Amino acid sequence: MAAVPGPQTLAAFEAAKGFMPVREGLALYAAAAEAAALGLPLLEVGSYCGRSTILLADAARAAGTVAVTVDHHRGSEEQQPGWEYHDPEVVDPEVGLMDTLPTFRRTLHAAGLEEHVIAVVGRSPQVARVWAGEVGLVFVDGGHTDEHATGDYEGWAPKVAEGGLLVIHDVFPDPADGGQAPYRIHQRALASGAFTEVSATDSLRVLRRTGPGA
């Protein structure tokens, strides 16, 4: 039976600023709880204000490991002024740029999960180049251009341990439903022979490493 978050964790998730629906959140939590059993970090690319981080951190806490988040906290393309997902509440008035880090920290504090998260503030490809170890799970939910999605995949998919999970958000096979960059890296992962899909919940795909490479 798939693991589910406790009522307090689920309430914190639902209260947090962000875009992930509950059904996808439950699938992410189940994947995180399974991967956490490997005893390795759970890594998230693209944290925004910490909504999905709550789930990874709670799963990590239960297993005695840690969640690592990688985000520059300046917002992705579609979150910039004039775009559909822009939120003026997370703009730093002093510099005039988005800064989701303060909200992210408040989210984790309110959920009681700060000590179970290592937040890395930086660009995903740069962080990946200096990250030497394996991880039990990589959750790709960063920028949705081909450049950024490909960079996230190439930087982090090779670091998923044997038996670990690669989770990709916003996978839309039909272009009418959303951007295609996450779908393309999903297809690339399957074509690599390194990953096998184990579940699909709306736009969330969970793949297991079953072979070498990426």
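Is Thr100 buried or exposed? I begin with this residue, and I note at once that the model before you is predicted. At 0% relative accessibility, Thr100 counts as buried. Thr100 sits in the loop that runs between strand E4 (97–98) and helix H4 (101–111). Leaving aside neighbours within four places in sequence, the contacts of Thr100 are Tyr48, Cys49, His73 and Val90. Phe13 stands 87 residues from Thr100 along the chain, and the C-alpha atoms of the two are separated by 16 Å.

One of those contacts, His73, deserves a word of its own. His73 belongs to the loop between strand E2 (67–71) and strand E3 (91–92). Although His73 is not a glycine, it has a positive phi of about 60°. With a relative accessibility of 1%, His73 counts as buried.

His73 is also touched by Ser47. The position of Ser47 is the loop between strand E1 (42–45) and H3. Ser47 is buried, its relative accessible area being 3%. Not counting residues up to four places away in sequence, Ser47 touches Thr53, Thr69, Val70, Asp71, His73 and Phe104.

Let me turn to the helices. Helix H2 covers residues 22–36 and helix H3 covers residues 51–63; they pack at an angle of about 30°, with their axes 9 Å apart. That angle makes H2 roughly parallel to H3, since angles under 35 degrees count as roughly parallel. The crossing of this pair, H2 and H3, is right-handed. On the H2 side the contact is made by Gly25, Leu28, Tyr29, Ala32, Ala33 and Ala36, and on the H3 side by Ser52, Leu55, Leu56, Asp58, Ala59 and Ala63. Sorted by class, the contact of H2 with H3 has nine nonpolar residues, two polar and one charged.

How many of the 13 residues of H3 are buried? Ten of the 13 are, so H3 is largely enclosed by the rest of the structure. The buried residues of H3 are Arg51, Ser52, Thr53, Ile54, Leu55, Leu56, Ala57, Asp58, Ala59 and Ala60. Just after H3 comes Gly64, which takes a positive phi of about 75°.

Helix H1 (residues 7–15) packs with H2 at an angle of about 130°, and the axes are 11 Å apart. H1 and H2 are therefore oblique to each other. Their crossing, that of H1 and H2, is right-handed. Leu10, Phe13 and Glu14 of H1 meet Val22, Gly25 and Leu26 of H2 in this contact. The residues of the contact of H1 with H2 divide into four nonpolar, one polar and one charged.

I now move to the aromatic residues. A search of the whole structure finds two aromatic pairs. One of them is formed by Trp131 and Trp156, an edge-to-face pair with 6.0 Å centre to centre and 65° between the planes. This pair links distant parts of the chain, 25 residues apart: Trp131 lies in the loop between helix H5 (124–130) and strand E6 (135–140), and Trp156 lies in helix H6 (residues 146–156). Trp131 is partly exposed, with a relative accessible area of 22%, whereas Trp156, at 0% relative accessibility, counts as buried.

Two residues further along the chain complete this account. Ile168 is found in strand E7 (residues 160–168). Ile168 is buried, with 1% relative accessible area. Not counting residues up to four places away in sequence, Ile168 touches Val140, Pro182, Ile185, His186, Ser203, Leu204, Arg205 and Leu207. Tyr153 is 15 residues from Ile168 in sequence, and the two are 9.4 Å apart in space, C-alpha to C-alpha.

The other residue is Asp202, in the loop between strand E8 (195–201) and strand E9 (204–209). Asp202 has a positive phi of about 55°, although it is not a glycine. At 45% relative accessibility, Asp202 counts as partly exposed.

How values were computed
Residues numbered from 1 in each chain as written. Predicted model: local features only at pLDDT ≥ 70, side-chain atom pairs only at ≥ 80, totals over all residues. Heavy atoms only, no water. Axes fitted to C-alpha atoms, helices over the stretch in contact; angles between N-to-C directions. Helix = DSSP H or I, 4+ residues; strand = E, 2+ residues; numbered from the N terminus. Parallel < 35°, antiparallel > 145°, perpendicular 65-115°, else oblique. Left-handed = near helix turned anticlockwise from the far one by under 90°. Contact = heavy atoms within 4.5 Å. Nonpolar A, V, L, I, M, F, W, Y, C, P; charged D, E, K, R; others polar. Buried < 20%, exposed > 50% of the residue type's maximum accessible area, 1.4 Å probe, protein only. Phe/Tyr/Trp six-rings, centres within 6.5 Å; stacked < 30°, edge-to-face > 60°.
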